[in-house]
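Here is a walk through one model, from strand pairing to cores to a metal site. Keep the structure open as you read.

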Amino acid sequence: LKINITEIDIPLAFGPAFEGERVRGGDLFGQMGGGKTQCTELVKMAEMNDIEDGKVEVIGPDIGDMKEGDVLPLGILVQIAGREFQEDFEPIMERQIHHLINYIQGIMHIGQRDISWVRISKAAVEKGFTLKDIGVVLHAKFHQDFQKIVDKVQVTLYTKQEDVDKITAQAREEYKTRDARVDTMTDEDVDTFYSCSLCQSFAPSHVCTVSPERTGLCGAYNWMDCKAAFEINPTGPNQPIQKGKVLDPKLGRFEGVDEFIKVASKGAIETYNFYSMVHAPMTTCGCCECIAAMLPACNGIMTVGRDYTGDTPCGMKFTTLAGVMGGGAASPGFVGHSKFNITQKKFILGDGGLLRLVWMPKIVKDEIRERLNARGLKWALRTSLT
Ligand code: SF4
Ligand code: ZN
């Protein structure tokens, strides 16, 4: 693998070779997010004259103000201006933050959006790493990898609680707007789904197929986003899939998808269903926002989000479930999915849909409350009509 350190001015080596590297307990200097503090990422389009290319600011305490074992809240705001840039591209750029931070030797990044997690190793701090380096990397790589659409990049890293709270509130509004763009679409409306293989570096057999009614399990890529990503980068990780013949409308099985995933998973996966967690569910990778599990004792289904650290009725915490599932496994009875997906119409529809759901932590419920109530009402009406 090519390690490119000459073009990016940080005190650490940088490149895809470090992507799978972990920062474990004994090596850890400090961290942001991961359930300990809030850690949020947001990419926003800006007017050409409102930002300064290459400006990277850390507002609040940096690594030098931390001692071993400390945690900090973090808000990463990337502003991008470009003649060819569109708001539709924001989620795609934002999703790059995950692997770009992981490319830095000794720094680990998990998650996305408002559930990110950055772990910084002692070795990185000894070499002089500061939070500013994250901004330097994002500025350099966004220019390098997205030349066509990016003219200016400015990065601000917030580490004061009140600023992080503010940027998180703004980000959540943006996420809502993005998610809603696929709200009125159905899987029947389109002939083309999109693949996402962005996570194969961690989970080699994992392939997400993103349809209007099944947002990617990280929550960061919906059908619209994948479509835009393919437009920006036609040879990239998001490829169109002709869905072809519908093999099973209830479970959500499509001939074109099966053909695609056989190749894309390098033969590891033959088939999967979009709307079932019981029968041949989709593969799951470590960045899923939630993991659903069967509860045989009550014949129901539970789901748990990444930010809930307590016990669950299936006897496993999120981290344990993610440890079992996160490598690209497809295990009947379990499936990774996005928070938004819970309120998408076809969520586990092949297994009975939302009515099968018997438990989720309050933290997830509160976040999706409005949409969940609306879905519940539709279910109730539908049931009384039949
Ligand atoms: Fe893409 Fe799926 Fe990974 Fe999200 S979880 S980045 S949709 S492969
Ligand atoms: Zn992933």
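Leu-42 stands opposite Leu-77 in strand 5. Strands here are DSSP runs of E with at least two residues, helices are runs of H or I with at least four, and both are numbered from the N terminus. This is a predicted model, in which local features need pLDDT of at least 70 and side-chain atom pairs count only at pLDDT 80 or more, while totals for chains, interfaces and linings use all residues. Residues are numbered from 1 along each chain as its sequence is written, chains are lettered from A and ligands numbered from 1 in the order in which they are written, and side-chain values use heavy atoms, with hydrogens and water left out.

Strand 5 covers residues 74-81. Strand 2 (residues 39-45) runs parallel to strand 5, joined by seven bridges. Two strands count as paired if DSSP finds at least two bridges between them. Strand 8 (residues 152-158) pairs with strand 5 in the antiparallel sense, over seven bridges. There, Ile-76 stands opposite Leu-157. Seven of the eight residues of strand 5 are buried (buried means under 20% relative accessible area with a 1.4 Å probe, protein chains only).

Now the packing. The largest nonpolar core has 84 residues, and Met-32, Val-78 and Phe-142 have the most contacts inside it. Such a core is a set of buried Ala, Val, Leu, Ile, Met, Phe, Trp, Tyr and Cys residues joined through side-chain atoms within 4.5 Å. This core draws at least three residues from each of domain 1 (16-179) and domain 2 (181-385); the bounds come from an automatic or database domain assignment. A second, separate core of 15 residues includes Cys-290 and Phe-347.

Four strands form an open, mixed sheet in the order 16-14-15-17. Strand 16 (334-337) and strand 17 (357-359) each have a single partner strand, so one side of each is left without a neighbour in the sheet. Strand 14 (residues 290-295) and strand 16 run antiparallel, joined by four bridges. Ala-292 has Val-335 in strand 16 as its bridge partner.

Finally, the metal. Cys-199, Cys-285 and Cys-287 coordinate the zinc ion (ligand 2) through their SG atoms, at 1.9 to 2.1 Å. Donors are N, O and S atoms within 2.8 Å of the metal (3.2 Å for Na, K and Ca); water is not among the atoms, so sites may look incomplete. Cys-199 lies in the loop between strand 9 (192-196) and strand 10 (208-210), and Cys-285 in the loop between helix 6 (255-264) and strand 14, so the pair ties together parts that are 86 residues apart in sequence. Both Cys-199 and Cys-285 are buried.

Terms used
Buried < 20%, exposed > 50% of the residue type's maximum accessible area, 1.4 Å probe, protein only.
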